[in-house]
Amino acid sequence: MKKVLLSILVLVLLVAPWLVVRHLDAHSSLAFYCQVPYAINSQKDDNMLLKGSIKTHYYANGSGIGILSGTMQYQARGSDKPALYTIHRNTRFNWKVSHSYITTHTDSMHPAFGENIPATLAEEFIFPSFKTKFNDYYQIEKIANGDSIVSVANMPRLYCHSGA
């Protein structure tokens, strides 16, 4: 009897981790991901140049991760020279598709190591989808190869690759 119980225990210990991994993988497989470079130059009262990239990963379970990284050169009116800031923040968001629209809700935002942009400038210039509790709405259209085009007001904004 002890041999049977020991054999069952060993079998469970060998098989259980693989079942857990398979279960987790099924719920977090990548549905699609997007990557886009950006450059924004604003010369209003103050001069600002924002450059970098945005990466977003949309998982099949409705969760997602966004990564914003880059630099910001900012020169306030009356300042002698511009200040250079590093931007590197990660977001966790939820998303869903309904017909040809995708909605996202940013659950949390975490500045990553090395980010040094002052909070007031981040609030003014950082993309709203990289701020906590922000809701965003986009149009999404699948194309022939399985990838997607994400648009705002019928203007293509992102080319996203299928996760399959």
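A residue is termed buried when its relative accessible area is under 20%, exposed when this area is over 50%, and partly exposed in between, with a 1.4 Å probe and protein chains only. The structure described here is a predicted model, in which local features need pLDDT of at least 70 and side-chain atom pairs count only at pLDDT 80 or more, whereas totals for chains, interfaces and linings use all residues. Residues are numbered from 1 along each chain as its sequence is written, and side-chain values use heavy atoms, with hydrogens and water left out.

The secondary structure of the protein comprises 2 helices and 8 strands, where helices (H or I, at least four residues) and strands (E, at least two) are DSSP runs numbered from the N terminus. From that terminus on, the order of the elements is α-β-β-β-β-β-α-β-β-β. Of the 164 residues in the protein, 30% are buried. Contacts are defined by heavy atoms within 4.5 Å. Among contacts between residues at least 6 apart in sequence, 49% join residues at least 24 apart.

Strands are taken to pair if DSSP finds at least two bridges between them. Strand E4 (83-98) and strand E5 (101-111) pair in the antiparallel sense over 10 bridges. The bridge partner of Ser 98 is Tyr 101 in E5. The hairpin formed by E4 and E5 has 2 residues between the strands. His 99, which is found in the loop between E4 and E5, has a phi near 60°, a positive value in a residue other than glycine. His 99 is classed as exposed because its relative accessible area is 79%. E5 also pairs with E6 in the antiparallel sense, over 5 bridges, and His 105 stands opposite Asn 135 in E6. A positive phi is also found at Lys 133, about 70°, although Lys 133 is not a glycine. Lys 133 belongs to the loop between H2 and E6, and a relative accessible area of 56% is the reason that Lys 133 counts as exposed.

Within strand E6 (residues 135-142) lies Ile 140. Because its relative accessibility is 13%, Ile 140 counts as buried. Neighbours within four places in sequence aside, the contacts of Ile 140 include Phe 32, Val 97, Tyr 101, Ile 102 and Val 150. Ile 140 and Pro 156 are 16 residues apart along the chain, and their C-alpha atoms are separated by 9.2 Å.

A nonpolar core is a set of buried Ala, Val, Leu, Ile, Met, Phe, Trp, Tyr and Cys residues joined through side-chain atoms within 4.5 Å. In soluble globular proteins, nonpolar side chains tend to be buried together. The largest nonpolar core contains 16 residues, of which Leu 68, Met 72, Tyr 74, Ile 87, Ile 117, Leu 121 and Ile 126 touch the most other members. Two or more residues of this core are given by each of strand E2 (47-59), strand E3 (63-75), strand E4 and helix H2 (119-125). Residues up to four places away in sequence not counted, Leu 121 touches Met 72, Tyr 74, Tyr 85 and Ile 126. A second, separate core consists of 11 residues, among them Phe 32, Tyr 58, Val 150 and Cys 160.
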